[in-house]
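Please examine the sequence and the model shown below.

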Amino acid sequence: LGALRDTVVMFTSDNGFFYGEHRIQAEKTIPYEESLRVPLIFRVPPGVLGGQQVARADQLVGNIDIAPTILDLADAQPCLGKAGCRVMDGRSLVPLMQGNASGFPQDRHLAIEQGVCGYRGVRNLTEIALEHLGERIEGTEECAPEREYELYDLADDPFELENLYPGTSQAEIETEQRLFGRLNDLRDCAGIEGRDPLPPSGHYCE
C-alpha cells in the first residue's frame with residue numbers, strides 16, 4: 001500500500017533492569033544509569049523531514065519529549081480547542097532529527113522522580129543529584145523526615161561508585177548547591193520558555 005513512505009516508527013523501552021549492578025539483583029525503578037538510560041530511535045521517511053535522513057543527536061532528551069515530537073510530526077496542537085489542558089513540559093525532537101540543535105539548551109537538566117516517598121533528582125549530561133525521601137509515615141501521605149542524598153560526576157565516575165555528597169571541597173559544595181537548586185526549580189516547572197505562557201510557579205522546564 002506504500003504506507004511506510006508516510007509512517008514514522010519510534011522505538012524506545014521501559015526502564016532498564018538491574019542484574020547485579022550496585023549489588024541490586026532484580027529491580028528497575030532505582031535511579032542509576034543502568035535503569036535510567038533507554039534507547040530512543042526514530043525511523044522517519046525522508047519526505048517528512050524535507051528529504052533528510054534522521055540525524056544522530058547527543059543532546060539529553062527524555063520521555064517528556066515524545067508527545068511534543070509526535071504532535072510536531074503530525075502538524076497538530078495539544079488539546080486544540082479545549083480549555084484547561086495541561087501544558088506539555090517537553091520539547092519536540094524534530095529539529096534534532098534535522099541536525100539543528102541551535103534552539104536546544106546545551107546545559108539541559110531533566111527532573112526524575114518516583115513515588116510519594118521514593119526519590120527525586122536531577123540529571124544533566126555529566127552529573128546526577130538525588131534526594132531519597134524516606135519511608136512513608138503509616139496512615140499518611142507524609143514521608144519520614146530522614147533524607148539521604150547522592151551526587152555523582154558521570155564524566156569521571158560513569159558507574160556511579162563514588163558518592164560525592166556531602167561535598168568537602170568548595171567546588172563540590174558549589175556543584176551540590178547548583179544541582180539541588182536546579183532540582184527545586186524543576187519540581188514545579190511547566191512548559192517551555194518562548195513557546196508557553198509563564199507558569200504560576202515562575203519556573204519553565206528546560
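The paragraphs below describe the chain as a whole, then its strands, its nonpolar core and one of its helices.

The model is predicted: local features require pLDDT of at least 70 and side-chain atom pairs count only at pLDDT 80 or more, whereas totals for chains, interfaces and linings use all residues. Residues are numbered from 1 along each chain as its sequence is written, and side-chain values use heavy atoms, with hydrogens and water left out.

The chain contains four helices and six strands; helices (H or I, at least four residues) and strands (E, at least two) are DSSP runs, numbered from the N terminus. Their order from the N terminus is β-α-β-α-α-β-β-β-β-α. Along its principal axes, the C-alpha trace spans about 60 × 40 × 40 Å. Of the 206 residues, 33% count as buried, that is, under 20% relative accessible area, with exposed meaning over 50% and partly exposed in between (1.4 Å probe, protein chains only).

Strand 5 (residues 127–132) has strand partners on either hand, where pairing requires that DSSP find at least two bridges between two strands. Strand 4 (residues 119–123) runs antiparallel to strand 5 and is joined to it by five bridges; R120 has E131 as its bridge partner in strand 5. A hairpin of three residues connects strand 4 to strand 5. Strand 6 (residues 148–153) also pairs with strand 5 in the antiparallel sense, over six bridges, and there Y152 is the bridge partner of I128. Six of the six residues of strand 5 are buried, so this strand is largely enclosed by the rest of the structure. E127, A129 and E131 lie on one side, and I128, L130 and H132 on the other.

A129 also belongs to the largest nonpolar core, which has 10 residues, including V122, L151 and F180. Such a core is a set of buried Ala, Val, Leu, Ile, Met, Phe, Trp, Tyr and Cys residues joined through side-chain atoms within 4.5 Å. Helix 4 (residues 170–186) gives the most to this core, with four residues. Beyond its neighbours within four places in sequence, F180 is in contact (heavy atoms within 4.5 Å) with A129, L130, E131, Y149, E150 and Y165.

In helix 2 (residues 66–73), the buried residues are I66, P68 and T69. Seen down the helix axis, these residues fall within an arc of 165 degrees, so they line one face of helix 2; the arc is that of the directions from the helix axis to the C-beta atoms. They pack against strand 1 (9–12), strand 2 (40–43) and helix 3 (94–97). D75, which follows helix 2, has a positive phi, near 55 degrees.
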